[in-house]
Amino acid sequence: MSGGPHAPEPDDFDHVTVRDVSRTFGRRRALARVSLDCRAGEILAVLGPNGAGKSTLLGILATLMRPTDGEIRYGARTAAEAGDGLRGRIGVLGHDLFLYGELTARENLRFFGRLYGVGDLDGTVDAALTAARLSDRADDRAGAFSRGLRQRLALERALLHAPRLVLLDEPFTGLDDDSAAHLSARLRDLRRRGAIVVMATHDFETADAVVDRAVCLDNGRVRDVAAGPGPLRERYRHALREARA
Amino acid sequence: MTRTLQAAWTIARKDLRIEARSRELVYTTLFFAVACLLVFAFAFVRERPIDNAAAGILWVALAFSGTLALGRTFERERQGETLRALLLAPVERGAVYLGKLIALLLLMAAVELIVVPIVGLLFSAPLLRAPALLAGLLALGTIGFAAIGTLFAAMLVRASSRDVLLPILLYPMTAPLLIAGVQGTAAIFADEPNLALAENWLAMLLFFDAVVVTVALWVFGAVMTE
């Protein structure tokens, strides 16, 4: 099955360090001196109200955005030091699904597989279609799929090249219970294989079952959500109250 | 370099596959260009066409229809935010630019294959007087126009007023190119052709293209990183 990191590559990393990262858009501050660490084999949830800066943080981690201040290290190197190859170790499932509606499920996967230089493309794509449970609809246009099916396909697209760092923005959106359970199982599989998973979500109940650690972003500032007993939603609310106190 | 070219071709092939399936761009661009030519033909052709009209009308039709194609090709990448997905690929970001440029060039070339003979027919333009020179002018003019347009269209893909901004940015920047194209083509079509002059305009287009493509490849990655 596709989706887990294969044998470590020479430029692989086992942790990501965010140090004092700030980002402004004009006069609006999206992130303010955010620091956090993510380790291999860990699923980190980034929680927070709408507009808190979660997607901005994921965008910066994905190298799509530059921080205004601060730095991110992928292992020992920054994105600038690691070069274009770094993006081959990052998989992103955005809120928008990064799929071409005019192409079939198989064509979408083959296209991105080629761009990422995936070896054994046919085998990898077949495995990804199986993982997405879309083998029987492999030659249907992605635009004809329901949101849930597209979400499953988009997840496999993001994992096609076996990334080390997996960034997920609201991955449970539009999924039915069965698909959400399937996604949770995929996330556990990624953790077992040593991926670093960072997930922005509002789906506390589903996330509670898979995440190892959570942080809360509010008004661009980060705060740890306490580990321990109690549902994630309650612990998040407590962290948010403390942050605003 | 090979990896960059491979990635560019992969992106171009994807665009062409989508276009072959929808035929949306080629139909809209072609119909728009032909409609332009017909309107101009009714306005400017009486017993014989006005001098130099054919050259100007040909380039106006190509520029306007090219703008239409530019906007739409990036609109596709905006749906589903697929441009971001392309920028996430582990290849030089210039490959994304090059891929989009190649696809647009092939599309515009397909439209020109139909539009240019129609210009010959409607405006009695002597297309076969210096066919290689004319093809060179059209090819280099199209490359320059598409090269600038691809860069601006990519930069504006997330701007809410992109439909307004694209022509505002594009036409002033491509004015030298369009002037060179019109003058070169007019020199070929004239009653007393001046092929040496047309060659000079061709050289200018070549220089323009070299500068534009180099600068675009250089800055594309930087301007696309938010």
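In chain B, helix α3 (residues 53-78) and helix α7 (residues 162-189) have axes that come within 9 Å and cross at roughly 150 degrees. Since angles over 145 degrees count as roughly antiparallel, this crossing makes α3(B) roughly antiparallel to α7(B). The crossing of the two helices is right-handed. As the model is predicted, these values describe a computed arrangement.

From α3(B), the contact includes B:A54, B:L58, B:W59, B:A63 and B:L70, and the residues they and their neighbours meet in α7(B) include B:L166, B:P167, B:L170, B:L178, B:V182 and B:F189. Glycines take part as well, among them B:G56 and B:G71 in α3(B) and B:G181 in α7(B). By class, the contact of α3(B) with α7(B) holds 13 nonpolar, six polar and one charged residue.

Turning to chain A, its secondary structure comes to eight helices and 10 strands. Chain A has 245 residues, for which a compact globule would have a radius of gyration near 18 Å; the value for chain A is 18 Å, so the two agree. The C-alpha trace of chain A spans about 55 × 40 × 35 Å along its principal axes.

Six strands of chain A form an open sheet with mixed pairing, in the order β6-β7-β8-β3-β9-β10. At the edges lie β6 (90-93) and β10 (221-225) of chain A, each of which pairs on one side only. From one strand to the next, the twist averages 20 degrees. Within the sheet, β7 (residues 165-169) and β8 (residues 196-200) of chain A pair in the parallel sense over five bridges, and A:L167 stands opposite A:V198 in β8(A).

Two helices of chain A that pack on this sheet can be followed next. Helix α5 (residues 147-159) of chain A touches β6 and β7 of chain A, and its direction makes about 165 degrees with that of β6(A). Helix α8 (residues 232-244) of chain A touches β3 (42-47), β9 (213-218) and β10 of chain A, and its direction makes about 40 degrees with that of β9(A).

Finally, the two chains meet in a contact that takes 23 residues from chain A and 20 residues from chain B. On the side of chain A that touches chain B, helix α3 (residues 105-115) of chain A gives the most, with three residues. That side of chain A has 12 nonpolar, five polar and six charged residues.

Key:
Residues numbered from 1 in each chain as written. Chains lettered and ligands numbered in written order. Predicted model: local features only at pLDDT ≥ 70, side-chain atom pairs only at ≥ 80, totals over all residues. Pairing = 2+ DSSP bridges. Helix = DSSP H or I, 4+ residues; strand = E, 2+ residues; numbered from the N terminus. Axes fitted to C-alpha atoms, helices over the stretch in contact; angles between N-to-C directions. Contact = placed C-beta atoms within 7 Å. Nonpolar A, V, L, I, M, F, W, Y, C, P; charged D, E, K, R; others polar. Parallel < 35°, antiparallel > 145°, perpendicular 65-115°, else oblique. Left-handed = near helix turned anticlockwise from the far one by under 90°. Rg over C-alpha atoms; globule rule 2.2 N^0.38 Å.
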